[in-house]
Amino acid sequence: MRVSFKRVASRTAVDSARSTLAALTVAVGTAGLAAAAARPGLLALVDQHAAAVRDSLDGDRRPLTAAALAGYAEGVRVAALEHGWVPPSGPVDWSEPEWPLARLIAVCALARSLSDA
């Protein structure tokens with residue numbers, strides 16, 4: 001039986017996107033979402049960022065995918081690093097998370113809601 005290259009490449013892309021989102025969740029998502037669950041202000045901030053991400057990815061007109069979210073997160077990360085952002089290496093002050101961190105946590109929140117993630 002032959003499997004088309006297109007189908008193999010597509011599966012690899014999906015796996016790569018899922019891997020990217022899983023790494024992001026381990027790095028910042030789990031702790032950030034737990035902090036948001038305990039802090040209403042942080043939860044509201046994450047919700048606002050999630051709405052902005054959804055809007056950027058046209059999420060109201062087409063379903064969000066792991067690939068779209070992973071690509072978005074990578075773009076945020078690269079742009080933030082280019083502008084001098086340093087990812088947290090220790091405990092985070094969740095009372096005032098930096099913009100890139102809040103945006104990446106929002107991506108993790110959206111990724112949790114995916115049916116294909």
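The lining of the largest pocket comprises eight nonpolar, one polar and two charged residues; in this classification Ala, Val, Leu, Ile, Met, Phe, Trp, Tyr, Cys and Pro are nonpolar, Asp, Glu, Lys and Arg are charged, and the others, Gly among them, are polar. The model is predicted: local features require pLDDT of at least 70, side-chain atom pairs count only at pLDDT 80 or more, and totals for chains, interfaces and linings use all residues. Residues are numbered from 1 along each chain as its sequence is written, and side-chain values use heavy atoms, with hydrogens and water left out.

The pocket is lined by T20, A23, L24, A27, V28, A73, E74, R77, W85, P87 and L104. A pocket is an open set of points on a 1 Å grid over the protein atoms alone, where a 1.4 Å probe fits, with protein on both sides within 12 Å along at least five of seven lines; lining residues have an atom within 4 Å of a point. Its space amounts to about 190 Å³, taken as the space filled by probe spheres set on the points. Helix α1 contributes the most to this lining, with five residues, and α1 and α3 each supply at least two.

The protein chain contains four helices and zero strands, where helices (H or I, at least four residues) and strands (E, at least two) are DSSP runs numbered from the N terminus. Of its 117 residues, 33% are buried, that is, under 20% relative accessible area with a 1.4 Å probe, protein chains only. Among contacts (heavy atoms within 4.5 Å) between residues at least 6 apart in sequence, 70% join residues at least 24 apart.

The largest nonpolar core has 31 residues, with L69 and V107 making the most contacts inside it; such a core is a set of buried Ala, Val, Leu, Ile, Met, Phe, Trp, Tyr and Cys residues joined through side-chain atoms within 4.5 Å. Two or more core residues come from each of α1 (5-38), α2 (40-56), α3 (66-82) and α4 (99-112), and the largest share, eight residues, comes from α4. Beyond four places in sequence, V107 touches L21, L24, V53, L69, Y72 and A73.

A102 lies in helix α4 and is buried, with a relative accessible area of 1%. Not counting residues up to four places away in sequence, A102 touches L45 and H49.

The mean pLDDT (the predictor's confidence in each residue, from 0 to 100) of the protein chain is 88, and 87% of its residues reach 70 or more. Over residues 1-5 the pLDDT is below 50.

Methods
Buried < 20%, exposed > 50% of the residue type's maximum accessible area, 1.4 Å probe, protein only.
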